[in-house]
Amino acid sequence: MPDDVVLETLDLCKTYGRKAAVQELSLLVRRGEIYGFLGLNGAGKTTTIRMILGLTRPTSGGVTILGRRHGARDGTVRRRIGALTEAGFYGNLTVRENLEIVRRLTGVPQKERTDETLALVGMASESGKVARALSTGMRQRLRLARALIHEPELLVLDEPANGLDPTGIREVRMLIRSLAEEKGVTVFMSSHILAEVQQVATRIGILHHGQLLEEIDREELQLRSRSYLEVEVSDTARSASLLEQQLGIHGFDVADGNLLRIFQDLDRAAEVNASLVRAGVSVSRLVVRHESLEDHFIKLTGGEASGQNVAG
Amino acid sequence: MARTLRAELIKLRRTPLVWVALVGISLPPLLNALLVADRLSKGDNLGWETALGQSVLLSNLFLAIGLYGMVAVYLFASEHTDRAWEHLMVLPVGRGYVLVAKLLILLILTAVTAAVGFGVSLLLGLLQPRLPQLPAAEAWRYARTALTTALLTSSLMPVVIWITMAVRNYIVPIGTLIGLTVVNVFLVIFNADEVIYYPWSLPSLLAVYYKGTTPTPVSWVLAAAVTVIGLVLMRVHVYRADQGGAA
């Protein structure tokens, strides 16, 4: 395992009875990456995270974290991981006391680290509040604080945006980004909200029915997320030559059937149309389209995503 | 281990548990003091055996299993009702350490509670003007009995703790504690032959005031077996972090 690989799963499988929750999942997360683990509800994201964190034993396959074969079952590895799961708090204790417990158990000697972490997640003014009185959003911030207090190298976040308001989501997104960019923290985060993952992840893995369908990096994602002019023509060969030679447009491709996808000079749609018609090519449709990750995701999952909250 | 223990102590803040235990343990001494005062007023010749010994027996017979059992159940069930256990399991702390820390907290709370209960008995006894002077050696003997029987009761709790961890609620373990108490009261009051085989009766049999059956080596072996089996079950349960959640 190369030094820059922080997390690796190899043929990870988990079955409950006859139901396969996760199937032969192999992925690799490098140092400093923000890996967005995207999938519908029930896709197997939480099961995977539980296996990564050592909370659930894989049926087969393995997890290697920070070079250790036993992953989070190894105590020295757990010291270097920060985890946000759906786990609760001690309701009778204040926010500060809840965090104090984690500070002590993670072996952080500096008492001031508790206040620093509360400030980091925007909870400084809530420190004296009893945990059971917190709103859903504040609970999620406290979960994040618990994950961050010991300054881990790897953050494993299960649906970090859950319960947060738009401002909270933005703050968490900025925090995740700054941790990765400024402190080199590696982040593995699951989400069913496409927009959220799209904005923060440097790489995305799409999980569906327990299988990793695809991994996309940021550059590819940007390419996939661009707008283009879709033109349905009677003759694609003639149209292509006309675009290049007469209009100087080179950024296009020929899609299925009689479709051309033009990726540059979208504001010249009228000119393109007129030129094609003048050249005797009939144009039956001309429309500006935007293929987002959402479209791609829906395509990949065979349309199942359209019924769930994946658009964000 | 020290940091795990400190973390466990923080968890006790603002819980009603300590107050419930202290108030609870004061009830048998209060009841006993009323009985003693009544009998003294009728001219009965009573000694400290009744004022202190009977109080210790009443606590052991009717309250100890329920009270110390509830402390044990709370320490473990609260992790599940608050759903905090899962996060505890992803922290760099040994699961065994967490168990040991919780058991130590149970023993510490038990000792403090027993000491307070004995203190209340002693204080109420000293307030009775017709009781003779209390020799220090006798006071120490009762104090030792109160403490050892309380600690013995708590050390019999791992099986109940295991049930708590398995069912993750309060209802089943509380029902179990009620059942254990009822059987204990029945066996001890009727001085049944089987009392020596019932581990949860051992503390009552050891109470100085009790004049019935004396525990045999078999009683001790059975009590030790119940404790060991409970501890093993707890350990196995905590390490079997799979199939729908961390223990």
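Guide: Let's start with the contacts. In this predicted model, residues 24 or more positions apart account for 68% of the contacts in chain A that have a separation of 6 or more. The chain has 312 residues, and 44% of them are buried. For its overall extent, picture a C-alpha trace that spans about 75 × 45 × 35 Å along its principal axes. Within that, chain A holds eleven helices and 13 strands.

Now pick out a sheet. Three strands of chain A form an open sheet in the order S2-S1-S4, and their pairing is antiparallel. Strands S2 (19–30) and S4 (60–65) of chain A are at the edges with a single partner strand each, so one side of each has no neighbour in the sheet. From one strand to the next, the twist averages 15°. Look at S1 (residues 5–16) of chain A: eight bridges join it to S2(A), and the two run antiparallel.

S10(A) pairs with S13 (residues 283–290) of chain A in the antiparallel sense, over seven bridges. Here Val231(A) stands opposite Leu286(A) in S13(A). S10(A) is also joined to S12 (residues 259–262) of chain A by four bridges, and these two run antiparallel as well. If you find Glu230(A), its bridge partner in S12(A) is Arg261(A).

In soluble globular proteins, nonpolar side chains tend to be buried together. The largest nonpolar core in this model has 134 residues, and among those with the most contacts inside it are Ala145(A), Leu154(A), Val156(A), Val187(A) and Phe188(A), along with Val71(B) and Ala72(B) from chain B. The element that gives the most to this core is helix H3 (residues 48–81) of chain B, with 19 residues. A second, separate core has twelve residues, including Tyr228(A), Ile249(A), Phe252(A) and Ile262(A). Back in the largest core, Val187(A) is worth a click. Leaving aside neighbours within four places in sequence, Val187(A) is in contact with Ile34(A), Tyr35(A), Leu155(A), Leu157(A), Ile176(A), Leu179(A) and Ala180(A).

That leaves the side that touches the partner. The contact takes 26 residues from chain A and 23 residues from chain B. On chain A's side, the elements that give two or more residues are helix H2 (75–78) and helix H3 (95–105) of chain A. H3(A) supplies the largest share of that side, six residues. By type, the residues on chain A's side divide into eleven nonpolar, eight polar and seven charged.

One last stop, over in chain B. H3(B) packs with helix H7 (residues 158–167) of chain B at an angle of about 35°, and their axes are 9 Å apart. Their crossing is right-handed. From H3(B), the contact is made by Gly69(B), Ala72(B), Val73(B), Phe76(B) and Ala77(B), and from H7(B) by Val160(B), Ile161(B), Thr164(B) and Met165(B). Seven of these residues are nonpolar and two are polar, with no charged ones.

Note on methods:
Residues numbered from 1 in each chain as written. Chains lettered and ligands numbered in written order. Predicted model: local features only at pLDDT ≥ 70, side-chain atom pairs only at ≥ 80, totals over all residues. Buried ≥ 20, exposed ≤ 12 C-beta atoms within 10 Å, placed from the backbone. Contact = placed C-beta atoms within 7 Å. Core = buried A, V, L, I, M, F, W, Y, C linked by C-beta atoms within 7 Å. Nonpolar A, V, L, I, M, F, W, Y, C, P; charged D, E, K, R; others polar. Axes fitted to C-alpha atoms, helices over the stretch in contact; angles between N-to-C directions. Left-handed = near helix turned anticlockwise from the far one by under 90°. Pairing = 2+ DSSP bridges.
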